[in-house]
Amino acid sequence: MTTPVFCGIDFGTSNSSLAVANQDDVFLIPVEEHQTTIPSAMFFARKDNEAFFGREAMERFLSRQPGRLMRSLKRVLGTTAMRQGTMVNGELMKFDQIIAAFLDQMKRKAEADCQTELRHVVMGRPVHFTDNDPAADQRAENELKAVAMSMGFEHVGFQFEPIAAAFAHEARVTGEKLAIVVDLGGGTSDFTIIRLSKENARKHDRSGDILANTGVRLGGNDFDKDLSLAEMMPELGFRSKYGAKNLEVPSYHYFDLSEWSKVNFLYTNRILFQARQLLRETHDPVKYGRLINVLEQETGHAVLAETEKIKIGLTKSDVHVAALDFIDQDLRLDVARENFNAAISPKSERIVNAAKECLQNAGIAPEAIGLVIMTGGSTEIPLIQEQFRQLFPQAEWSEENKLSSVGLGLAYDARNRFS
Ligand SMILES: Nc1ncnc2c1ncn2[C@@H]1O[C@H](COP(=O)(O)OP(=O)(O)OP(=O)(O)O)[C@@H](O)[C@H]1O
Ligand SMILES: [Mg+2]
């Protein structure tokens with residue numbers, strides 16, 4: 001067997017994977033112990049800023065070790081925050097260095113496994129990092145490319161994530177199939193309509209087989225946000241009143257607390273000071289007191305992690321009960337799936353519309369689709385499943401390797417391009 005030299009990296013908003021290819025084989029690298037996916041999370045210990053990655057980062061954070069958690073780093077690409085950086089335990093860190101550190105630990109594991117240096121990579125990218133802003137989109141790709149070069153990759157290509165997912169499935173396709181990939185991740189929802197067959201897989205240029213791509217910057221993170229604002233934040237005083245004029249308490253804390261990429265911005269003395277001032281005038285001291293508690297204890301990420309757990313729990317059951325005693329003794333929250341569905345339905349509608357737009361751009365009717373490839377964690381959500389089944393009632397349905405198909409397909413693509 002030849003040494004694998006071609007690499008594919010799926011840097012996901014929530015989870016990442018890395019696959020390698022040689023002429024005979026394509027396989028995923030165990031990037032965290034025996035697991036082939038790793039949560040895109042980093043934890044910097046307060047005492048020395050030592051970095052921990054993936055599940056270990058989440059565990060350290062959730063067991064309340066002192067330090068700083070980062071998640072959804074991909075969402076920073078192309079934004080002004082990318083240039084500004086962020087304070088981590090008193091030290092200014094640039095996001096390109098943080099992202100490079102995260103991706104580099106995956107690369108080093110792959111190189112140790114394959115006993116070779118990796119110089120060729122195809123990185124995945126969403127169809128749009130940002131909606132309706134081609135300049136920001138290009139900036140995001142350039143930033144990711146610079147990160148890859150800084151890690152020692154000499155040849156860096158990009159591929160749309162849903163196209164990569166299609167390549168990963170192509171090895172198993174019989175005959176020729178007109179397929180739509182529905183890739184619903186943590187940060188974006190991406191669609192590709194593509195002609196798949198074992199013969200097509202060997203072609204170097206696939207542009208003739210790809211009929212259309214669309215994408216929106218909406219994903220599981222946004223559902224967490226909707227659920228948080230609808231069910232969780234009211235328990236912390238969201239929309240409660242204060243003062244003689246009966247004004248609503250400022251809402252921006254609650255919005256920041258509901259977004260993975262913004263939680264860290266809340267932990268400033270100024271915000272805590274203002275919130276404590278308002279506590280004196282609030283009409284609902286119990287609930288508003290919980291907000292103060294979360295700000296003081298810096299447990300915003302834990303609140304969001306619980307929200308995400310409720311969402312995932314509601315995939316399997318109709319009601320989910322969350323114990324929130326870390327916010328307030330004996331606080332429990334019961335959420336019904338129908339409330340979750342109501343909270344996310346405007347966004348799930350927009351996601352379905354992006355799929356319809358893909359059909360329109362391809363110039364085909366839904367009935368022409370023979371195979372639906374459902375990939376990405378958010379395709380598990382029952383409401384989403386239902387909506388896509390309605391759109392493609394006749395098509396064959398594939399739901400394999402949901403969390404690793406993009407990484408695998410990128411390595412296929414790297415071999416095709418660079419060999
Ligand atoms: N059983 C489930 N039910 C509902 N949502 C789920 C389930 N499992 C995972 N998710 C959600 O799927 C998302 C992660 O999916 P995935 O790993 O495909 O995203 P990603 O590739 O990291 O993101 P992106 O491709 O947008 O950059 C998270 O928002 C997670 O909460
Ligand atoms: Mg993804």
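This is a predicted model: local features need pLDDT of at least 70, side-chain atom pairs count only at pLDDT 80 or more; totals for chains, interfaces and linings use all residues.
The domain assignment of the protein gives two segments of interest, namely domain 1 (6–172 + 400–418) and domain 2 (221–341). Taken over C-alpha atoms, the centres of domain 1 and domain 2 are separated by 30 Å. The contact between them draws ten residues from domain 1 and seven residues from domain 2. On the side of domain 1 that touches domain 2, the elements contributing two or more residues are α1 (54–62) and β7 (67–71). Of these, β7 gives the most, with three residues. By class, this side of domain 1 comprises four nonpolar, three polar and three charged residues.

Ligand 1 is surrounded by 24 residues, of which G12, S14, G185, G220 and G377 are the closest. Two or more residues of this shell are supplied by each of α7 (220–232) and α11 (300–316). The largest share comes from α11, which provides four residues. In its composition, the shell has 16 polar residues, together with five charged and three nonpolar ones. Because domain 1 (6–172 + 400–418) and domain 2 (221–341) both give residues to the shell, ligand 1 lies between them.

Helix packing was examined for three pairs. In the pair formed by helix α3 (residues 95–114) and helix α4 (residues 134–150), the axes come within 9 Å and cross at roughly 55°. An angle under 35 degrees would count as roughly parallel, and the roughly perpendicular range runs from 65 to 115; α3 and α4 are therefore oblique to each other. Their crossing is right-handed. The contact involves D96, I99, A100 and L103 on the α3 side, and E143, A146, V147 and S150 on the α4 side. Five nonpolar, one polar and two charged residues make up the contact of α3 with α4.

For helix α5 (residues 161–170) and helix α14 (residues 405–418), the packing angle is about 80°, and the axes lie 7 Å apart. With 65 to 115 degrees counted as roughly perpendicular, α5 and α14 are therefore assigned to that category. From α5, residues E161, A164, A165, A166, F167, A168 and H169 take part; they meet S405, V406, L408, G409, L410, Y412 and D413 of α14.

The crossing of α7 and α12 is right-handed. The contact of α7 with α12 divides into six nonpolar, one polar and four charged residues.

Key
Residues are numbered from 1 along each chain as its sequence is written. Chains are lettered from A and ligands numbered from 1 in the order in which they are written. A residue is near a molecule or strand if its C-beta atom, placed from the backbone, lies within 6 Å of it. Ala, Val, Leu, Ile, Met, Phe, Trp, Tyr, Cys and Pro count as nonpolar, Asp, Glu, Lys and Arg as charged, and the others, Gly among them, as polar. Domain bounds come from an automatic or database domain assignment. Axes are lines fitted to C-alpha atoms, for helices over the stretch in contact, and angles run from 0 to 180 degrees between N-to-C directions. Angles under 35 degrees count as roughly parallel, over 145 as roughly antiparallel, 65 to 115 as roughly perpendicular and the rest as oblique. A crossing is left-handed if the near helix is turned anticlockwise from the far one by less than a right angle, and right-handed if clockwise. Two residues are in contact if their C-beta atoms, placed from the backbone, lie within 7 Å.
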